[in-house]
Amino acid sequence: MAWRRANAEELRRRFLGQWIVLEGTEIIANGPDPVAIVQVARRRGIHSPYVFRVEGEKAPKTSSLGL
Amino acid sequence: MVSVQYSLEFPYRIYQDELFPMVMVALRNPATRESVDQDAFLDSGASRSIFLGAAAPMIGFSLLEGEPWEFRTNTGQPVHARIHRVGVVLGDGVAEFALDLAFSTDEIQRNLLGRDFFNLLQVGFRESYGRLYIEPVP
């Protein structure tokens, strides 16, 4: 999580809208298809891959509700 | 006054550069044991938990084979989903719960763990410290 926070800008610049599998500080796979990148991670021996989508910056003067 | 002794402590997690009361959970398909780790917001305003539809095929479910379900958002707009029974694993396997989890078939931004999840455990928030506490019993 600390790595994600420290690298948030770089992640957005390179991967905005993409899915990423992150293992520690290593990006194992990325792309538009989350199922495909999970399969890549499992082939690498990662039993339960951590998967997230790279979101854009929060717009100014906005707050979020649940959905 | 009731006191709760919490055995699990988690720091808030980041979303769009902001810290939120989120936990990382492993979603597990009970039939195949396929599993993925996902961030989820703890949302006591959600009567039922809902995850992005994309998470269902990651663990081997055919999204549309689940029971249909409909949510109503704060604006009254519907969000459609399908229900699949999953295992929700907390804290590197410290606790696992069976949950009939909704996976959205509409576009949503975030995974939410709602009151069906809260019904399985006890949660405490310490907002100003950015930490949350869980005792994995009802």
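Start by selecting B:Gln16, which sits in the loop between β2 (13–15) and β3 (18–20) of chain B. (Helices, H or I of at least four residues, and strands, E of at least two, are DSSP runs numbered from the N terminus.) B:Gln16 has a positive phi of about 50° although it is not a glycine. Most residues other than glycine have a negative phi. Is B:Gln16 buried, partly exposed or exposed? It counts as partly exposed because it has 16 C-beta neighbours inside 10 Å. The cut-offs go like this: 20 or more other C-beta atoms within 10 Å of a residue's own make it buried, 12 or fewer make it exposed, and anything in between is partly exposed, with C-beta atoms placed from the backbone.

A quick word on the ground rules. This is a predicted model, where local features need pLDDT of at least 70, side-chain atom pairs count only at pLDDT 80 or more, and totals for chains, interfaces and linings use all residues. Residues are numbered from 1 along each chain as its sequence is written, while chains are lettered from A and ligands numbered from 1 in the order in which they are written.

Now select chain B and zoom out. Its secondary structure comes to two helices and twelve strands, and along the sequence they follow the pattern β-β-β-β-β-β-α-β-β-β-β-α-β-β. The C-alpha trace spans about 45 × 35 × 30 Å along its principal axes. Of the 138 residues in chain B, 36% are buried.

Next, pick out strands β7 (residues 67–72) and β8 (residues 78–90) of chain B. They pair in the antiparallel sense over six bridges; two strands count as paired if DSSP finds at least two bridges between them. Look for B:Glu67, which stands opposite B:Ile83 in β8(B). β7(B) and β8(B) form a hairpin with five residues between them, and B:Gly76 in the turn has a positive phi of about 90°.

Stay on β8 of chain B and click B:Val89. With 19 C-beta neighbours inside 10 Å, B:Val89 counts as partly exposed. What does B:Val89 touch, leaving aside its neighbours within four places in sequence? It is in contact with B:Val25, B:Ala26, B:Arg28 and B:Glu96, where contact means C-beta atoms, placed from the backbone, within 7 Å.

Time to hop over to chain A: select helix α3 (34–43). In α3(A), A:Pro34, A:Ile37, A:Val38 and A:Ala41 are buried. Seen down the axis of α3(A), these buried residues fall within an arc of 105°, so they line one face of the helix; the arc is that of the directions from the helix axis to the C-beta atoms. What covers the buried residues includes β1 (19–23), β2 (26–31) and β3 of chain A, together with β5 (35–42) and α1 (55–58) of chain B. Just after α3(A), A:Gly45 takes a positive phi of about 90°.

For the last stop, go to A:Lys61, in the segment after β3 of chain A. Its phi is near 55°, a positive value in a residue other than glycine. With 5 C-beta neighbours inside 10 Å, A:Lys61 counts as exposed.

Notes:
Two residues are in contact if their C-beta atoms, placed from the backbone, lie within 7 Å.
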